[in-house]
Amino acid sequence: GEVANLRIADVIDTDGTIRTEIRLDAERTKNNHARTIFVPKQMQRQLKTYLKTACKQSLHGFLFCTQKSQQFSANTATQHLQRLYVRAGISGATSHSGRRTWLTALSQRGVSVFVLADMAGHRSIQTTQRYVTVNDEMKRNAAELI
């Protein structure tokens, strides 16, 4: 839902540069808790490429839109992701799979669960912990710390 509600002005400055931070106000988040999303350099490059071919809308237009230049609903975005996963041959994936992969990868690199929770917009680390999958590589790396 948060991604579906993003507007072009959320990711691009008036001078045309991609923002390094996206500010989500409380009204546009799932849990009504404002936060800042830090945009990595790779994503900045991908957004720049995307915006060259995306919906030709004003800065107030939605970042992701349908073929009719209308806003994706959260449900439509979820269904679209599901179709993409099927086309890619990925079974069992859901709209939250990207979040799980992202949080697990950051955890694997030693990012604190408190930082992960804040980045994910979770008020409780218990919610975040449900997204992080422990794998053998993480356990191997932990064992080497001793």
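Visitor: Which residues form a nonpolar patch on the surface?

Guide: This is a predicted model. In it, Trp102, Val115 and Met119 form that patch. Together they have about 240 Å² of accessible area.

Visitor: Why is methionine 119 called partly exposed?

Guide: Its relative accessibility is 31%. Buried means under 20%, and exposed means over 50%. The value for methionine 119 falls in between, so the label is partly exposed. This residue sits in helix α5, residues 113-120.

Visitor: How many aromatic pairs does the structure hold?

Guide: One. Its rings belong to tyrosine 50 and phenylalanine 64.

Visitor: What makes them a pair, and why is the pair called tilted?

Guide: The ring centres are 5.2 Å apart, and the limit for a pair is 6.5 Å. The planes stand at 45 degrees. Stacked needs under 30 degrees and edge-to-face over 60.

Visitor: Which parts does the pair tie together?

Guide: Tyrosine 50 lies in helix α2 (residues 41-53), and phenylalanine 64 in the loop between α2 and α3 (74-87). The pair therefore ties together parts that are 14 residues apart in sequence.

Visitor: Are these two buried or partly exposed?

Guide: Tyrosine 50 has a relative accessible area of 26%, so it is partly exposed. Phenylalanine 64, at 27%, also counts as partly exposed.

Visitor: Where does arginine 7 lie?

Guide: Arginine 7 lies over the face of phenylalanine 62, at 4.0 Å from the ring centre. Arginine 99 lies over the face of tyrosine 131, at 5.4 Å from the ring centre. The distance limit is 6 Å.

Terms used: Residues numbered from 1 in each chain as written. Predicted model: local features only at pLDDT ≥ 70, side-chain atom pairs only at ≥ 80, totals over all residues. Heavy atoms only, no water. Patch = residues over 30% accessible without salt bridge, like charges linked within 9 Å, V, L, I, M, F, W, Y side chains within 5 Å. Areas by Shrake-Rupley, 256 points an atom, 1.4 Å probe, with all protein chains shown as cover. Salt bridge = Lys/Arg side-chain N within 4 Å of Asp/Glu carboxyl O. Helix = DSSP H or I, 4+ residues; strand = E, 2+ residues; numbered from the N terminus. Buried < 20%, exposed > 50% of the residue type's maximum accessible area, 1.4 Å probe, protein only. Phe/Tyr/Trp six-rings, centres within 6.5 Å; stacked < 30°, edge-to-face > 60°. Lys NZ or Arg CZ within 6 Å of the ring centre and 35° of its normal.
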